[in-house]
Amino acid sequence: MPQTIDDLIRRIKELQEELEVEFKKKRDEFEFIIEKKRVRFAEEVARQQRRLKIGWFRYLIKSRPLNVLTAPVIYAGFIPFIILDLFLWLYQSICFPVYGIPKAKRSDYLIFDREDLPYLNVIEKFNCFYCSYGNGLMAYGREIAARTEQYWCPIKHARRIKAAHEHYPRFFEYGDAESWQKGLERLRRQYPKEQQPATEVK
């Protein structure tokens, strides 16, 4: 990979780290700690947040009728989500050990912590659970697909693609047949250290 591309990738990662530091500073303003995956606010902060909570009945009364009527369509997504979740588990369990691809850790992508927010009512918490599950599952599936693509077809597209996954910059350039032939086996083993499996199947 050309040095300039390596440098750009490194700079992007550094900027992502800086952004995470700024996010942490912002989070610290709200005085909460995480204990055993549960979020705990300082008592005074929690008390102030509970005062802003809208009860579920009032929440329903104030909702737009079309929002309520379309809710069953949204929640019907649970069915394909659960099927996809099961398939992704099965897919990784069967295929990744054979290819020596490190498995994506589901808990890194599906985060459920919004139920700890004191200012949300039971309906809002359920909505947040649904959104966390749907978006987390899509991110989890995307990572599994990205690792599969890195193994089988790590070639960049001729046209620019929107929101490429983080493995994509390491892929071979479109039309670079020599690099593809010489470097495919190397790239199939080139995952970040934290993703490396304990043992690879040869």
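This is a predicted model: local features need pLDDT of at least 70, side-chain atom pairs count only at pLDDT 80 or more; totals for chains, interfaces and linings use all residues.
Trainee: How far apart do the end C-alpha atoms of residues 66-91 lie?
Mentor: In the model, this span is 92% helix and 0% strand. Its end C-alpha atoms are separated by 38 Å.

Trainee: How many aromatic pairs are there?
Mentor: Ring centres must lie within 6.5 Å to pair. By this rule, the count is 20.

Trainee: Are the rings of W56 and F57 stacked or edge-to-face?
Mentor: Their centres are 5.9 Å apart, and their planes meet at 85°. Planes over 60 degrees apart fall in one class. So the W56 and F57 pair is edge-to-face.

Trainee: Is F57 buried or exposed?
Mentor: The cut-off for exposed is over 50%. F57 has a relative accessible area of 54%. W56, at 47%, counts as partly exposed. F57 is therefore exposed.

Trainee: Is the pair of Y168 and F171 stacked or tilted?
Mentor: Both residues, Y168 and F171, are buried. Their ring centres are 5.6 Å apart. The planes are at 55°, so the pair is tilted.

Trainee: The charged end of R188 sits over the ring of W152. Over the ring of which Tyr does the charged end of R188 sit?
Mentor: For W152, the charged end is 5.4 Å from the ring centre. For the Tyr, the distance from the ring centre is 4.2 Å. That residue is Y151.

Notes:
Residues are numbered from 1 along each chain as its sequence is written. Side-chain values use heavy atoms; hydrogens and water are left out. Rings of Phe, Tyr and Trp (its six-membered ring) pair if their centres lie within 6.5 Å; planes under 30 degrees apart count as stacked, over 60 as edge-to-face and the rest as tilted. Buried means under 20% relative accessible area, exposed over 50%, partly exposed in between (1.4 Å probe, protein chains only). A charge sits over a ring if NZ of Lys or CZ of Arg is within 6 Å of the ring centre and within 35 degrees of the ring normal. Helices (H or I, at least four residues) and strands (E, at least two) are DSSP runs, numbered from the N terminus.
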